[in-house]
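Have the viewer open and follow along.

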Amino acid sequence: MTGDRHASFGRTLAAMQGHQQGHHGWNAFHRALLDLTASSDPALDRILTAVRHKRPSMSDSHLITLLGIAVRQLASTHPDVASVFEPEALPAERSRSLGAALERHETEAVDLLTSHSNSFTGARRFLVPQLLIGGFARHFGVDEVRLLDVGTGLGALPRQLNNREVFDRFAADLTWLPERPPYLDIPLAVRHGIDAAPLPTTDWVGSCHGPSAYYEDRWSELVWSLERAAATAGQVRLSALDVLDRAQLAGFLRTHRFNVITCNFVLYQYEREVRQRLIAELVGQLAAPGLFLSMEPSHDLVRQGSRVTGYLAGDPRPLHLADAEDAHFIGRVTAGADLAAVIGPGTGGGS
Ligand SMILES: C[S@@+](CC[C@H](N)C(=O)[O-])C[C@H]1O[C@@H](n2cnc3c(N)ncnc32)[C@H](O)[C@@H]1O
């Protein structure tokens with residue numbers, strides 16, 4: 001890895017390690033990784049160089065979360081790696097265990113890091129799209145929503161939409177300021193989700209949840225909501241498609257003529273220019289009237305929160321729709337200045 005990349009990786013890692021929520025259990029792992037980064041650990045350096053070579057547009061924050069997940073996955077099959085996540089381990093012991101694990105399982109680590117992405121899935125994230133797409137459809141008189149969820153993982157969001165039971169359970173823990181837009185059923189005609197091959201498995205998505213009681217709760221919520229929304233599973237079409245493959249993506253979008261595209265916690269995984277290019281490609285292919293909805297960590301995972309941004313078909317201007325204080329959508333959501341442009345005035349979107 002070049003000196004610049006090494007330095008930016010170290011800076012992002014140090015910032016993530018100081019996250020105000022302690023990243024709910026990843027903190028001790030990040031500290032051990034920081035120790036290895038500071039000492040230019042040769043196995044870590046070889047792994048990062050190999051991954052950067054194969055996936056040059058991956059953001060530092062994504063690479064850091066993916067490293068944690070890959071080591072967790074290794075721990076599930078190699079007992080010698082489990083000590084990395086031993087809750088009682090002293091920091092120096094954990095760093096040594098991590099260094100030894102990376103050296104012993106270098107090839108497997110590189111395989112995981114070059115063939116997978118962080119597929120952590122938030123069971124509560126669909127709350128915001130439910131209200132905003134419902135409001136958009138009413139405001140623009142859209143009677144048929146053809147939905148694509150980009151980076152869908154197991155296809156949770158396309159399944160959960162319009163499920164009132166799942167909505168009501170999670171909506172109770174989310175406060176909207178100044179007021180919650182009304183719940184409206186979305187006139188869904190198509191529920192499609194795409195993710196990169198190999199499509200994430202339940203086992204992989206489980207590994208993407210951190211080693212803590214907090215993440216166990218998030219995981220059980222996801223499992224519960226997938227079960228409760230099982231009736232719609234048959235309506236959800238999942239396809240393997242790499243959105244970085246521009247020709248394939250353009251052909252797919254032209255074929256399907258989606259009028260609503262959601263893309264949540266995907267763009268942060270890439271460097272800034274790639275994010276902008278992807279947004280332009282996805283918005284550019286929306287059928288009108290159409291909505292592109294994106295929720296991303298507000299500060300690239302180094303601080304708490306999520307920003308909700310929208311684009312209307314035919315208009316390249318980003319619309320600030322909302323801010324959530326927590327990327328797992330527990331707590332407060334505050335309406336953004338442009339919300340009324342999507343859901344209409346006086347419906348939670350202000351005037
Ligand atoms: C962090 S998960 C988010 C899952 C879900 N959207 C949510 O917000 O809870 C990001 C997902 O985007 C997918 N992804 C990343 N890059 C992709 C690409 N180039 N093409 C398709 N999917 C991609 C990953 O595989 C992963 O499942």
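This is a predicted model: local features need pLDDT of at least 70, side-chain atom pairs count only at pLDDT 80 or more; totals for chains, interfaces and linings use all residues.

## The nine-stranded sheet

Look for an open sheet of nine strands, in the order E2-E9-E8-E7-E6-E5-E1-E3-E4, with mixed pairing. Strand E2 (174-177) and strand E4 (236-240) sit at the edges with a single partner strand each, so one side of each has no neighbour in the sheet. On average, neighbouring strands here are turned by 20° against each other, direction ignored.

For a parallel pair, go to strand E1 (residues 145-150) and strand E3 (residues 188-195), which are joined by six bridges. Asp 149 has Gly 193 in E3 as its bridge partner. Then there's helix H7 (residues 127-139), which lies across E1, E2, strand E5 (260-264), E6, E7, E8 and strand E9 (331-335). H7 runs at about 160° to E6.

## Strand E7 and its partners

Five of its seven residues are buried, so E7 is largely enclosed by the rest of the structure. With strand E6 (residues 291-297), E7 pairs in the antiparallel sense over seven bridges, and Glu 296 stands opposite Arg 307 there.

Strand E8 (residues 319-324) also pairs with E7 in the antiparallel sense, this time over five bridges. In that pairing, Val 308 faces Ala 322 of E8. The hairpin of E7 and E8 has six residues between the strands, and in it Gly 314 takes a positive phi near 85°.

## Around the ligand

Which residues are closest to the ligand? The shell has 21 residues, and the closest are Ser 117, Ser 119, Gly 151, Ala 196 and Asn 264. Sorted by class, the shell holds eight nonpolar, ten polar and three charged residues.

One runs from Leu 177 to Pro 178, with omega near 0°; Pro 178 is in the loop between E2 and E3. Another joins Ala 197 and Pro 198, with omega about -5°, and Pro 198 is in the loop between E3 and helix H10 (202-207).

A couple of phenylalanines also stand out. Phe 265 has a positive phi of about 60° although it is not a glycine, and lies in the loop between E5 and helix H13 (272-284). Phe 265 has 21 other C-beta atoms within 10 Å, so it counts as buried. Phe 329, in the loop between E8 and E9, also has a positive phi, near 60°. With 22 other C-beta atoms within 10 Å, Phe 329 is buried too.

## Glu 144

Is Glu 144 buried or exposed? This residue sits in the loop between H7 and E1. Glu 144 counts as exposed because it has 10 C-beta neighbours inside 10 Å, and the cut-off for exposed is 12 or fewer.

Leaving aside neighbours within four places in sequence, Glu 144 is in contact with Pro 187 and Ala 189. From Glu 144 to Phe 329 is 185 residues in sequence and 27 Å in space, C-alpha to C-alpha.

How values were computed:
Residues are numbered from 1 along each chain as its sequence is written. A residue is near a molecule or strand if its C-beta atom, placed from the backbone, lies within 6 Å of it. Ala, Val, Leu, Ile, Met, Phe, Trp, Tyr, Cys and Pro count as nonpolar, Asp, Glu, Lys and Arg as charged, and the others, Gly among them, as polar. A residue is buried if 20 or more other C-beta atoms lie within 10 Å of its own, exposed if 12 or fewer, and partly exposed in between; C-beta atoms are placed from the backbone. Helices (H or I, at least four residues) and strands (E, at least two) are DSSP runs, numbered from the N terminus. Two strands pair if DSSP finds at least two bridges between them. Axes are lines fitted to C-alpha atoms, for helices over the stretch in contact, and angles run from 0 to 180 degrees between N-to-C directions. Two residues are in contact if their C-beta atoms, placed from the backbone, lie within 7 Å.
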